[in-house]
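Trainee: I have a new model on my screen. Can you show me how to read it?

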Amino acid sequence: MSRLHLHLISDSTGETLENIAKAAIAQFDDVEVVRHFWPMVRSESHLDRIMAEVQASPGMILFTLVSGDLRVSLERRAGALNLPTVAALDAVTDALSRMLGQEAKARPGRQHALDAAYFARVDAIQFTVAHDDGIGWDNWEQADIVLAGVSRTSKTPTSIYLANRGYKTANIPIVPESPPPDALYNLKHPLVVGLTTSIDRLVQVRRNRLLSLNQAPETAYVDEDRVKSELAFARRIFADNSWPVIDVTRRSIEETAAAVIKLVEDRDAA
């Protein structure tokens, strides 16, 4: 297995840089990547300390620095150590500059500005946390999205992810013994989306959940016939109400959320 030291140097939170690095690393097998994370780098003295660590653990340097002086200093020092540097956003920023006919503003962390979109995300997160697992159904009409599905179909993590994208999201478990409130069937503003999964996958996830809670792994909760009946009950509700359905069996939370957002955008564009 190959081993690589990857130094991530950012003049902001480094969230963008981490996501880029994660996506790129995922394309390679049998590689042990040791990530060194350096956020909020905005001074030469800070860069001095970082380069001492880089010299001790040499590897690739991936950076997002808008300060021309810091960029030049970093590239010069890395060159002296024969280490490669990659400016993660340069290609995209340069292309946008040419298309828009204007120079990019050299302002670190500008994407994290406390603008209206930022506060909308905060509101969405607060709403979503307060409307998890069927809570607060009396004001679901304020939601942008309502996710419905049987237990352990990733409703809560998907809701939180959607909230971080600015969508007020509620979720409701579909339980045959306790049908959803009538309010669910009369919503006008929110898009209701059904989440489903395969029987085998659901049994496995539920069994793992029981084990993590130190509970008996063989109960009605993981009985295959019961799980099959639950899924069928949920699918009938989805079909009867013509709600779009997403199978989460082989989807990550991010992929499920992306599919939900696409449904919302398609509905709004119609």
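We go from the overall build to a sheet, then to an annotated site.

Mentor: Keep one thing in mind: this is a predicted model.

Trainee: How many helices and strands does the protein chain have?

Mentor: Start any reading with such an inventory. Here there are nine helices and eight strands.

Trainee: Is the chain compact or spread out?

Mentor: For 270 residues the rule gives 18 Å, and the protein chain has 24 Å, so it is more spread out than a compact globule. The C-alpha trace spans about 70 × 45 × 30 Å along its principal axes. Buried residues make up 36% of the chain.

Trainee: Into which domains is the chain divided?

Mentor: Look at the bounds, then at the centres. Domain 1 covers 4-112 and domain 2 covers 116-269. Their centres, taken over C-alpha atoms, are 38 Å apart.

Trainee: In what order do the four strands of the open sheet lie?

Mentor: The order is β2-β1-β3-β4, with parallel pairing. β2 (31-38) and β4 (85-87) are the edge strands, each pairing on one side only. On average, neighbouring strands are turned by 20° against each other, direction ignored.

Trainee: How many bridges join β1 and β3?

Mentor: Five bridges, in the parallel sense, link β1 (residues 2-10) with β3 (residues 60-64). For a landmark, find H7: I61 in β3 stands opposite.

Trainee: Which helix lies across β1, β3 and β4?

Mentor: That is α3, residues 68-80. Helix α3 runs at about 175° to β3.

Trainee: Now the annotation. Where does UniProt place the feature "binding site"?

Mentor: The unreviewed UniProt entry lists G149, V150, S151, R152, T153, S154, K155 and T156. Take S151 as a case. S151 lies in the loop between β5 (145-149) and α6 (155-164). R152 is in the loop between β5 and α6 too.

Trainee: Why does S151 count as partly exposed?

Mentor: Compare the percentage with the limits. Buried means under 20% and exposed means over 50%. S151 has 24% relative accessibility, so it counts as partly exposed. R152, at 36%, is partly exposed as well.

Terms used. Residues are numbered from 1 along each chain as its sequence is written. This is a predicted model: local features need pLDDT of at least 70, side-chain atom pairs count only at pLDDT 80 or more; totals for chains, interfaces and linings use all residues. Side-chain values use heavy atoms; hydrogens and water are left out. UniProt positions are given in the numbering used here, feature names are shortened, and annotations may be inferred rather than shown by experiment. Helices (H or I, at least four residues) and strands (E, at least two) are DSSP runs, numbered from the N terminus. Buried means under 20% relative accessible area, exposed over 50%, partly exposed in between (1.4 Å probe, protein chains only). Domain bounds come from an automatic or database domain assignment. Two strands pair if DSSP finds at least two bridges between them. Axes are lines fitted to C-alpha atoms, for helices over the stretch in contact, and angles run from 0 to 180 degrees between N-to-C directions. Contact means heavy atoms within 4.5 Å. The radius of gyration is taken over C-alpha atoms; the globule rule is 2.2 Å times the number of residues to the power 0.38.
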